[in-house]
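Hi everyone, thanks for making time for this. I'd like to walk you through one model today, so please have it open on your screens.

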Amino acid sequence: MRVDFYQLDDDGAGAGVLAAIAGKLAEQGERLLLVSEDEAQLASLDRILWEEGGKTSFLAHGIEGQGRDADQPVLLSTRMIAANSARNVALADGSWRAAALDYERAFMLFDDSTIAGAREAWKSLGDTEGVERHYWAREEGKWVQKA
């Protein structure tokens with residue numbers, strides 16, 4: 001199980017990195033569950049995935065409960081239940097959830113307001129057998145692996 005921690009700054013890079021992650025997974029035929037308890041954030045991410053989907057100009061996706069959840073390559077949800085059978089989960093709201101360990105790969109996005117929880121998750125996962133941790137931060141506009 002792999003967990004990638006992405007430290008966001010104040011320039012709105014979170015939506016961009018989520019679109020990039022979702023796009024790469026889609027190219028590999030993988031599915032993603034994108035989770036946030038903030039419904040306004042999910043609505044914003046929904047719009048961004050339509051606008052910044054890369055080669056196809058959008059990323060096929062849906063919001064849980066709006067129909068055809070099982071068919072969605074990317075499913076946005078407030079819950080940790082992958083109705084789309086995703087093996088990858090992105091925690092967009094900066095809150096770690098232990099249920100993320102049920103997936104093959106988790107992406108934890110956090111900023112200054114959620115850094116304490118991210119640090120706590122990083123430390124606790126260091127003691128968890130079978131978990132590989134990676135930490136990413138932006139330098140000069142590029143994502144660089146720091147740990």
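Before the tour, one convention: two strands count as paired here if DSSP finds at least two bridges between them. Please also keep in mind that this is a predicted model.

Let's begin with the sheet. With that pairing rule, we get an open sheet of 8 strands, in the order β3-β4-β2-β5-β6-β1-β7-β8, and the pairing is mixed. Which strands stand at the edges? They are β3, residues 62–63, and β8, residues 142–145; each has a single partner strand, so one side of each is left without a neighbour in the sheet.

What packs on this sheet, then? Helix α2, residues 39–51, does, and it touches β2 (32–35), β3 and β4 (74–77). If you compare directions, the helix makes an angle of about 160° with β4.

Now please find strand β6, residues 105–110. Is it mostly covered or mostly open? Mostly covered: 5 of its 6 residues are buried. On one hand, β6 is joined to β5, residues 88–91, by 4 bridges, and the two run parallel. On the other, 6 bridges join β6 to β1, again in parallel.

Arginine 68 sits in the loop between β3 and β4, and its phi is near 55°, a positive value in a residue other than glycine. Glutamate 140 lies in the loop between β7 and β8, with a positive phi of about 50°, although it is not a glycine either. Are they buried or exposed? The cut-off for exposed is over 50% relative accessible area, so arginine 68 at 63% counts as exposed, and so does glutamate 140 at 84%.

One last stop: alanine 116, in helix α3, residues 115–126. This alanine is exposed too, with a relative accessible area of 56%. Its C-alpha atom is separated by 20 Å from that of glutamine 41, 75 residues apart along the chain.

Terms used: Residues are numbered from 1 along each chain as its sequence is written. This is a predicted model: local features need pLDDT of at least 70, side-chain atom pairs count only at pLDDT 80 or more; totals for chains, interfaces and linings use all residues. Side-chain values use heavy atoms; hydrogens and water are left out. Contact means heavy atoms within 4.5 Å. Axes are lines fitted to C-alpha atoms, for helices over the stretch in contact, and angles run from 0 to 180 degrees between N-to-C directions. Buried means under 20% relative accessible area, exposed over 50%, partly exposed in between (1.4 Å probe, protein chains only).
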